[in-house]
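Here is a short walk through one protein model, written for someone who would rather look at residues than at tables. Keep the viewer open as you read.

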Amino acid sequence: MLLLPSSLPIFSFPANPSLLISPSPSWPPRRGSSGAVVSSATSRDVDTFTSKSGYLFSLSADEADSLSEYNFLRIDGMYKRKPLILLRRLAQIGTTFGYWFGLRLADEALDRSEQMFKVRAAELRKLLVELGPAYVKIAQAVSSRPDLIPPIYLDELSLLQDQITPFSTEVAFKMIEDELGLPIDELFSEISPEPVAAASLGQVYQARLRRTGNVVAVKVQRPGVRAAIALDTLILRYIAGLIKKAGRFNSDLEAVVDEWATSLFKEMDYLNEAQNGIKFRKLYGGIKDVLVPKMYTEYSTSKVLVMEWVEGQKLNEVNDLYLVEVGVYCSFNQLLEYGFYHADPHPGNFLRTYDGQLAYLDFGMMGDFRPELRDGFMEACLHLVNRDFKALATDFVTLGLLPPTAEKSAVTKALTDVFQDAISRGVRNISFGDLLGDLGKTMYRFKFRIPPYFSLVIRSLAVLEGIAIGISPNYKVLGSTYPWIARKILTDSSPQLKISLQNLLYEEGVFRIDRLESLLSESLRTETALVQKPVVGTDSNVAMKQMLAFTFTEQGSFVREILLREFAKGLDAFGLATLESFTFSGSRGLSSLSEEDMTNLRTFYRLISLFSGMQKVGSVSTQVKAISKYGEALTPVDEASLVMSQLPSAQEMLPILSILPELPQESQQRLLQLPGDLVGRLASRAFARTIRRIFL
């Protein structure tokens with residue numbers, strides 16, 4: 001039987017570790033006669049946080065129970081009755097940071113900053129650990145941005161993800177027994193004598209379930225964290241209020257602190273994490289090369305969580321760009337497909353398993369992205385890439401970043417100035433971090449607000465790009481995500497997105513085929529993305545097949561309707577141009593072709609070129625400009641003849657015809673309906689034109 005000292009103090013404040021599960025060097029552990037492991041840590045130094053801040057834990061049972069969820073008024077009332085603890089904590093925080101900044105100033109004065117840089121980084125990490133989990137969590141939020149944090153500080157802060165001094169194993173084992181109501185040796189046939197990883201909110205042991213023999217990770221709370229975090233969030237919220245009163249920020253910083261604290265308190269509830277893990281596994285566990293560990297809810301409480309054991313390496317420690325792409329794709333699904341996303345994606349929570357899968361860990365901090373906000377986010381990305389800054393200003397109102405009373409014209413001009421250079425480099429070269437940085441001054445000038453929900457979304461994307469940059473310095477998460485956004489825009493059934501797509505493709509009533517070409521080409525990148533592990537050398541026939549297959553699916557119905565409409569208008573213009581080429585034989589001034597007809601004819605050429613795989617798109621307009629520059633402007637009939645001469649021949653159309661039998665049966669059936677639809681639309685246009693000529 002495992003023996004525990006009877007005098008050992010037991011704390012009852014739940015926590016939830018945020019850490020990397022990795023193989024234990026001591027596995028298989030040493031067994032006792034009963035089959036359970038006898039802990040080798042009969043005595044251990046108290047961890048730094050507890051030794052420095054243990055006075056924070058002195059709450060009554062009723063007070064501890066009242067902290068089951070975040071409630072600012074309740075916390076405020078509790079610590080107003082404990083003014084000495086509050087004052088002592090303020091003094092501790094002030095002197096701790098004051099001491100460190102004093103050393104930095106001394107280094108500057110003594111001209112030894114470079115020599116002491118690494119030393120000060122290590123000291124800062126140790127001070128954050130002493131101050132406790134709230135400050136560790138804040139440091140973790142910035143430790144995944146190699147483009148923002150100096151490398152030495154980054155290395156030190158990254159240690160906060162899973163290398164924090166653990167608390168007593170005796171306390172942990174006693175807590176497991178109290179929570180699950182059984183002795184350790186009846187629950188597990190094996191358990192590591194020491195934690196294999198420890199983080200700010202708790203620590204993990206490797207064990208084997210006695211009943212099933214499955215190897216599991218057992219996460220146990222760190223005593224006192226809920227009381228400590230409650231006090232620190234109270235202090236941070238007071239500071240946010242002072243900053244708000246000083247008028248230094250437009251955002252509601254108190255609401256941002258409340259949002260963060262609410263998520264953090266949910267993270268300290270293991271039962272909540274278990275349910276999050278189950279939901280996450282159901283939604284995303286089927287994605288290729290994504291692993292979501294199984295939760296053992298029958299062995300879990302608010303203070304203990306048992307989950308499937310996963311072995312591997314941290315993603316940022318291996319050079320695996322493919323798994324970064326898998327993470328980007330999975331994040332796209334989280335944010336834009338289902339809205340249920342991992343809000344704490346620091347490197348310690350991403351694992352590359354030894355069989356090459358991306359494992360997600362720690363589901364304590366999750367976010368919900370409402371459908372209307374998801375649509376607004378996609379519209380903003382769409383308008384940003386297509387330089388529609390007027391619409392982008394409206395998107396910011398939809399997302400809650402701008403008040404409805406904001407001056408749209410001034411905001412549009414400012415956004416144009418901010419984003420023009422970045423967009424000119426192309427969507428694949430847009431850095432998410434750079435965009436946020438460039439936007440800063442404009443946000444302050446026009447009183448942008450950062451809604452509480454948005455801080456978690458932005459952090460999720462920024463951290464993901466930070467991990468990717470650590471592997472590939474030129475990686476751009478927005479450029480990698482945009483193909484999925486383009487596909488979503490083209491296929492989603494949301495009325496809001498359909499209206500947005502319609503407005504994007506029709507500018508003042510004129511069809512912008514260049515924008516459709518861009519969306520289609522970007523969306524097809526999802527077919528050859530790294531998550532599919534494509535074969536190198538994909539030719540144009542494959543691209544045409546993908547484009548046709550997409551257009552004639554149920555999801556492509558909205559785009560198909562637009563294409564049919566424009567194709568019919570182009571065929572109508574083509575027929576008129578053909579008739580006039582025979583009737584007038586090139587005579588000038590006699591053409592009945594309108595400018596709209598010529599636009600439709602040029603669009604017809606672009607559509608034929610797009611779906612036939614031709615590489616001559618834009619050559620007609622180039623030739624027209626060249627001829628007009630060195631001679632008399634072309635008549636509509638002349639330009640129509642030039643367009644018609646550039647249309648693909650029957651031989652050039654053979655590749656697309658050979659692809660048609662390879663399309664899915666569903667697409668072939670819709671393709672057979674195409675001639676009838678076109679005839680009906682052409683007849684309708686011809687009838688309308690005849691009526692106009694008779695009565696107008």
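Predicted model: local features only at pLDDT ≥ 70, side-chain atom pairs only at ≥ 80, totals over all residues.

Strand S6 is largely enclosed by the rest of the structure, because four of its five residues are buried. Buried here means under 20% relative accessible area, exposed means over 50%, and partly exposed is in between (1.4 Å probe, protein chains only). Helices (H or I, at least four residues) and strands (E, at least two) are DSSP runs, numbered from the N terminus. Residues are numbered from 1 along each chain as its sequence is written, and side-chain values use heavy atoms, with hydrogens and water left out.

Setting aside neighbours within four places in sequence, Leu305 touches Ala217, Val218, Lys219, Tyr270, Glu273, Ala274, Met295 and Ser300, where a contact means heavy atoms within 4.5 Å. Leu305 and Gln221 are 84 residues apart in sequence, yet their C-alpha atoms are 9.0 Å apart in space. S6 also pairs with strand S4 (residues 215-221), in the antiparallel sense and over five bridges; two strands pair if DSSP finds at least two bridges between them. Within that pair, Val218 stands opposite Val306 of S6.

## The four-stranded sheet

Now to an open sheet of four strands, in the order S5-S10-S9-S7, with mixed pairing. Its edges are S5 (290-291) and S7 (312-314), each of which pairs on one side only. As background, strands of a sheet pair through backbone hydrogen bonds, either parallel or antiparallel. S9 (residues 350-353) and S10 (residues 358-360) run antiparallel to each other, paired over three bridges. Arg352 has Leu358 in S10 as its bridge partner.

Helix H13 (residues 321-338) packs on this sheet, touching S5, S9 and S10, and its direction makes about 45° with that of S10. The angle comes from axes that are lines fitted to C-alpha atoms, for helices over the stretch in contact, and such angles run from 0 to 180 degrees between N-to-C directions.

## Gln334 in helix H13

Is Gln334 buried or exposed? At 2% relative accessibility, Gln334 counts as buried, and its place is in H13. The Gln334 side chain reaches the backbone nitrogen of His342 at 2.8 Å. Leaving out neighbours within four places in sequence, the contacts of Gln334 are Phe280, Tyr284, Gly339, Phe340, Tyr341, His342 and Tyr360.

## Where H19 meets H21

Helix H19 (residues 477-491) and helix H21 (residues 513-524) have axes that come within 7 Å and cross at roughly 120°. On the H19 side, the contact is made by Tyr482, Pro483, Ala486, Arg487 and Leu490, and on the H21 side by Leu516, Leu519, Leu520, Glu522, Ser523 and Leu524. Sorted by type, these residues are eight nonpolar, one polar and two charged. For that sorting, Ala, Val, Leu, Ile, Met, Phe, Trp, Tyr, Cys and Pro count as nonpolar, Asp, Glu, Lys and Arg as charged, and the others, Gly among them, as polar.

With a relative accessible area of 40%, Ser521 is partly exposed. Ser521 and Ala486 are 35 residues apart in sequence and 9.0 Å apart in space, C-alpha to C-alpha.

## Two aspartates with positive phi

Most residues other than glycine have a negative phi. Asp111 has a positive phi, near 55°, and is found in the loop between helix H4 (83-109) and helix H5 (113-131). Asp111 is exposed, with a relative accessible area of 66%.

Asp289 also has a positive phi, of about 65°. Its loop runs between helix H12 (270-284) and S5. Asp289 is buried, with a relative accessible area of 15%.

## The whole protein

Stepping back, the protein has 29 helices and 13 strands. Of its 696 residues, 54% are buried. Among contacts with a separation of 6 or more, 75% come from residues 24 or more positions apart.

Terms used. Polar contact = N/O pair within 3.5 Å; in protein donor to acceptor, adjacent residues only side chain to side chain.
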